[in-house]
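Please look over the structure below before reading on. The briefing goes through it topic by topic.

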Amino acid sequence: MIAEVLISAAFLTGTGIILSALLVFAEKKILNYGPCTIDINNGEKKYTVTGGTSLLASLAANDIFIPSACGGRGSCAYCKVSVLEGGGVISPVEEPYLSDEERKQQVRLSCQVKVRNDLKIKIPKELFSVKKFRGILEHKKPLTHDILELRIQLVEPDSIDFTAGRYIQLESKEYKGKDAVIRAYSISSSPSDKTHIELIIRRVPDGICTTWVFDHLKEKEEVTFSGPHGEFNLSDTDAPIICIAGGSGMAPIRSILRDMKEKGIMRPTTYFFGALTQNDLFYVSELQKLAEEHPWFTHIPALSNEPEDSGWQGERGLITNVVAKHFPDTSKHEAYLCGSPGMINACVQVLTKGGMPEDRIFYDKFA
Amino acid sequence: MAAPLDGNSFATIVLVFISAAFTDNILLARFLGMCSCLGVSKKVDTSIGLGAAVIFVTASTAALNYLVYTHLLVPLHLEYLRLITFIMVIAAFVQFVEMVVERFSPTLYNALGIFLPLITVNCAILGISLFMLNKPYGFFETFIFGLGGGFGWFFAITLLGGIREKINETVLPKGLAGPGITLIIIGILSLAFVGFSGMIKI
């Protein structure tokens, strides 16, 4: 009886080990593509990597960080790059994420393109300056019941250069069976503070990353992120500015406003802050102070759900109606928006109705 | 296990193939491999892709498992470990094939590659490997049996894919759409396949 048990156990273990060993061996032999070169932007940069891994991972190993939120599973579609040569055919995983226009430009999901031979790719130049950062959470301060301010002190590298309006990609850590994820948050601090960044994060019910930030991340803990990403920033025209953002969408606007103050840019700026009730407003005194000290800046908070008898003296109603009321003619202005896709689409509609050309509306959509 | 059939005559081989593909259709007569079938049969294209991968894997693993069974498990008197051993062999084989296809034929990998991991746990394949033990087949007949079984599955899922493509263009009651109507179609198809039963006994 015991011999039988031992024999079967030995047999199964043996078979398992032999089969695994064969597979490991086969993987080394068969999936060995040797060194491959990745040519970026027509010779601007060249890297030699060992073939067999994804383009996303190969680039990351050479300190080029393509935005990616799903960790290479092919479900977020952030990691798009143009693969001009050697990318092979589009895989079924990529199919649903690529538009006809993108196919023409040979756009691929870099997490799904395996480096099997020499590649020629094209990426936005600013990705060269994206770095991976390690920092310490200096503080975590509630701004409203569901919005937090995070201040992160940079450790390695210990300083960051960015244009106001950029975002970073924060990596959450694993907790309670949830995978680590990467999520984008705009920097709300001023670019002149090179050793710290500040973020404004709103709790998303059941959100993997925000739940981690709100319930698991503690002060003095280590955090990692990559950045700066994005193309959202102040243009270099003299047009008067309309900013519209609600909730955590204030982050890039706050960074831009502080930057303007420090650099002495005095373009007339009106900031519409949309919220439900007075309890959802934050940084009120900071913005009021800015408005008092700088005549070019006007702050207009608008509440859509404030009780009638609360004594609120400011604007009421939907942010779009308030904007239309203040600026019936928007043809001379530029607009900077940050918020949910629904809010942005509604604002774009109102602004273009007022005469603003669409190419003067800049926005960051956060789904 | 009974003694192998007499000779490898052409007629025997055709009979083994037809009986495995039609009278003993693994999907419609035995109802095995239903999960991936329900999942992937929305279109004929993908059905053909997955079906082809299944044919290849059933035939190869039936042959492989036959060798493992007769030359390893029987001499060691470990027949009762056949189920777990077969699963390991199938899983390893599929992994191996995936690597080879990926390396040497990117086109084929794109057509079949994504289906291969789905197959690892397809019970139709384990089913074929287990059923062959009840048959009096030698090595070659086993291979044909696997080929036939795989073809039967391919045939059934392609039929189903075609019907589902048509059905998608019609309006269905809400409660029936999706898996509901698919299971009913599979039921009707399998009734049709009952007509084959008893035609061949091998």
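What follows covers a sheet, some backbone details, a helix packing and a chain contact.

This is a predicted model. In chain A, 6 strands form an open antiparallel sheet. In chain B, helices H3(B) and H8(B) are roughly antiparallel to each other, while H3(B) and H4(B) are oblique. The contact between the chains takes 16 residues from chain A and 16 residues from chain B.

**The sheet of chain A**

- The strand order is S9-S8-S11-S6-S7-S10 in chain A, and the pairing is antiparallel.
- Strand S9 (182–186) and strand S10 (196–202) of chain A are the edge strands, each pairing on one side only.
- From one strand to the next, the twist averages 40°.
- Strand S6 (residues 131–142) pairs with strand S7 (residues 147–156) of chain A over 8 bridges, in the antiparallel sense. In this pair Ile136(A) stands opposite Gln153(A) of S7(A).
- S6(A) also pairs with strand S11 (residues 222–229) of chain A, antiparallel, over 6 bridges. Here Lys132(A) faces Ser226(A) in S11(A) as its opposite residue.
- Strand S8 (residues 167–171) of chain A is joined to S11(A) by 4 bridges, and the two run antiparallel. Leu170(A) stands opposite Phe225(A) in S11(A).
- S8(A) and S9(A) share 5 bridges in an antiparallel pairing. Gln169(A) stands opposite Ala184(A) in S9(A).

- S9(A) is an edge strand and pairs on one side only.
- How many of the 5 residues of S9(A) are buried? The count is 4, so S9(A) is largely enclosed by the rest of the structure.

**Cis peptide bonds in chain A**

- The peptide bond from Glu156(A) to Pro157(A) is cis, with omega near -10°. Pro157(A) sits in the loop between S7 and S8 of chain A.
- The bond from Gly227(A) to Pro228(A) is also a cis peptide bond, with omega near -10°. Pro228(A) belongs to strand S11 of chain A.

- Asn41(A) has phi near 50°, a positive value in a residue other than glycine. Its place is the loop between strand S1 (35–40) and strand S2 (45–50) of chain A.
- Why does Asn41(A) count as partly exposed? There are 16 other C-beta atoms within 10 Å of Asn41(A), and the partly exposed class lies between the cut-offs of 12 or fewer for exposed and 20 or more for buried.
- Asp206(A) has a positive phi of about 65° although it is not a glycine. Asp206(A) lies in the loop between S10 and helix H4 (208–216) of chain A.
- Asp206(A) is exposed, because 7 other C-beta atoms lie within 10 Å.

- Helix H7 (residues 123–131) of chain B has buried residues Ala124(B), Ile125(B), Leu126(B), Ile128(B) and Ser129(B).
- Residues three or four places apart in an α-helix point the same way, because there are 3.6 residues a turn.
- What do the buried residues of H7(B) pack against? Their partners are helix H3 (44–73), helix H4 (82–104), helix H6 (116–120) and helix H8 (139–167) of chain B.

- The axes of H3(B) and H4(B) come within 10 Å and cross at roughly 135°. H3(B) and H4(B) are therefore oblique to each other. Their crossing is right-handed.
- Residues of H3(B) in this contact include Val57(B), Leu64(B), Val68(B) and Leu73(B), and those of H4(B) include Arg82(B), Phe86(B), Ile90(B) and Phe93(B).
- By class, the contact of H3(B) with H4(B) has 10 nonpolar, 4 polar and 1 charged residues.
- The axes of H3(B) and H8(B) come within 8 Å and cross at roughly 165°. Angles over 145 degrees count as roughly antiparallel, and H3(B) and H8(B) are therefore roughly antiparallel to each other.
- The crossing of H3(B) and H8(B) is right-handed. The residues of this contact divide into 19 nonpolar, 11 polar and 1 charged.

**The contact between chains**

- Chain A gives 16 residues to the contact, and chain B gives 16 residues.
- On the side of chain A that touches chain B, the residues are 10 nonpolar, 5 polar and 1 charged.

Key
Residues numbered from 1 in each chain as written. Chains lettered and ligands numbered in written order. Predicted model: local features only at pLDDT ≥ 70, side-chain atom pairs only at ≥ 80, totals over all residues. Contact = placed C-beta atoms within 7 Å. Nonpolar A, V, L, I, M, F, W, Y, C, P; charged D, E, K, R; others polar. Pairing = 2+ DSSP bridges. Axes fitted to C-alpha atoms, helices over the stretch in contact; angles between N-to-C directions. Parallel < 35°, antiparallel > 145°, perpendicular 65-115°, else oblique. Left-handed = near helix turned anticlockwise from the far one by under 90°.
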